[in-house]
Amino acid sequence: MAQEASSSTSSKTISLKTGDGEIFEIEASAAKQMKTVQRLIDDLGDDITIPLHNVFSKELPKIIEYYKKDITGEITKDFEAEFVKDLNDDEVKVLFLAANYLDANKLFEFLSQNIADRLESKSVEYVRKYFGVENDFTPEEESKLREERAWSFRGIKEDE
Amino acid sequence: MRLPENRISKLPKEILCRILSFLPTKEAVATSILSKRWIRLWISVPNLNFTNITINSIKSNNKFNESVYSVLASRDGAGYNLDSFHLDIQYVNHHFAYHRSFPHVVRWINVVVRRNLKHLNLNHDIDEPDTYDPERDAYLPQLPKSILTCRTLVSLKLCRFSVEGLLHVSKVEFGFPCLKTLHFDTIYFGFGRNFVLLLCGCPVLEDLQLLNSCHTLSSRDSEAIQMFQSLSLPKLTRAEIIESLWSHFPLKALSTVKSLSLDTLKLNTYDQTDDKDDEENPKQRTYIDIPIFHNLIHLKLNNSWKLVVKMLHHCPKLQSLELSKGSRYISVDDQENSVEEPELVPECVSSCLKTCAIRDIGGLESELILPTFILKNARILQTMKVWSGWMQKKSEIEEKLSPCRKASATCQLFVY
């Protein structure tokens, strides 16, 4: 496959290797949107396979899909809604962590919003589980805090 | 084996706050119960968002007030800056709004504007009463003047306020040097000069929206008139001016926009408050100088179609055109001579226009001249959508437009 002699990055692709050993290709312009990847390219060069220890083959294709749309400027509200429609809460969380690791700002913002939307009005226990937070309050401390902030707990679903 | 649950909880505070910043403040505060680490995490969230609030009783009013004061007090103690403050409240009647709630709203605003606020969005609405209440409709609450001292604002969106009295700020200090977005909905300026001073003080404005707002600029205030006419907004990319009364709005100031939505009456120089005189003396109407809109891609015009073609001659790169009739002034235009087919085809129609949408087409022959003209001359038009007016049968319009010769082979015509 002949590479163009020009220095434009539009036809160049970068190879990414996930933590579980799979290799994916992305456009160089998409790689620019992921600051971590770009930093690795700057340090290691763009003709070697960039290792991404904390991103795995389950989520990377989805991220690549997002940025493929982004570089053509086609990201719309409809596209974003469709993008997360079939993802469950945990899958979104994994994508979010990957976007954070990759320093992929646009995807990170969008997924933050989506997580916030999903957690809105969920029960306290659900949110604790989601964030992996251990409840270190004593029952007395917790009920005192609930009383102080009573207005903020109205309308939040109770656990089934 | 990786455990995503643990990873997310180990994320630094800033990342967790980013998620919380997309929640309504009430929900963010609720996270204080998650664990000891989270008690004060929400306080670092730089957004305060009290939206979808309904106040329909003394009890709900008091509870809401208590919650906002509580939030502000917690944050104030920490001394954090605030990026954005968004208030959207639905009141059941104007008594709750203006007597029981607004005195507090003003105090909250006075607090938040001192925190290097960047985004301010204030919206409120009052449920329609069954009977017309002149007091309610005539009354708009006073805009808290402290907003005008907030010089860090990047976006300002206000709905339903009145700006009365002369504002005692020096001309030099007036305005918002960082403001990129200005949206006014139902904002009334008692003194037009205040609006002019405000707009002239927003040199980096990119997005201007004026809905259902107005001011009257005294014809004796030559200084303000001069300032208004020489208004320059070099970074403006989007403007929408609908259902608003402004005397002699300087179109030149909008000439850099990519997207424009306008009542075509703005193109007339006559004072809209004097339109009674002009019905008797139509010759007195003269048209304002329309600037060339070099970047304009999307244009939406409401009201008179007579000026549409004239406008099109000033938009060399236009790709999308949308036309509709506003609710007012239709009869005035119908009395004019029938619209004739334009002689000269505007450059954008023949070489750039890709989509066209025309609403409220009625039964007059003159109303079909424009869509026919576009179909016949738009060589790269892809879609033409036409909506029949409420008195008109869709099939009649379709019969008249379908056989029309189309300059673009790929053009699709839709009649609704």
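B:F50 and B:F64 are both buried, where buried means under 20% relative accessible area, exposed over 50% and partly exposed in between, with a 1.4 Å probe and protein chains only. The model is predicted, so local features need pLDDT of at least 70 and side-chain atom pairs count only at pLDDT 80 or more, while totals for chains, interfaces and linings use all residues. Residues are numbered from 1 along each chain as its sequence is written, chains are lettered from A and ligands numbered from 1 in the order in which they are written, and side-chain values use heavy atoms, with hydrogens and water left out.

**Burial**
- B:F50 has a relative accessible area of 4% and is therefore buried.
- B:F85 counts as buried because its relative accessibility is 0%.

**Aromatic pairs of B:F50**
- B:F50 and B:F85 form an edge-to-face pair, with 6.5 Å from centre to centre and 65° between the planes; rings of Phe, Tyr and Trp (its six-membered ring) pair if their centres lie within 6.5 Å, and planes under 30 degrees apart count as stacked, over 60 as edge-to-face and the rest as tilted.
- This pair links distant parts of chain B, since B:F50 lies in strand 1 and B:F85, 35 residues away, in strand 2 (residues 84-91); strands (E, at least two residues) are DSSP runs numbered from the N terminus.

**Chain A and the whole structure**
- Over all chains, a search of the whole structure finds 22 aromatic pairs.
- One aromatic cluster is formed by A:Y66, A:Y67, A:F79, A:F83 and A:F110.
- A:K93 lies over the face of A:Y130, 4.4 Å from the ring centre, a charge being over a ring if NZ of Lys or CZ of Arg is within 6 Å of the ring centre and within 35 degrees of the ring normal.
- A:K122 lies over the face of A:Y126, at 5.0 Å from the ring centre.

Technical notes. Helices (H or I, at least four residues) and strands (E, at least two) are DSSP runs, numbered from the N terminus.
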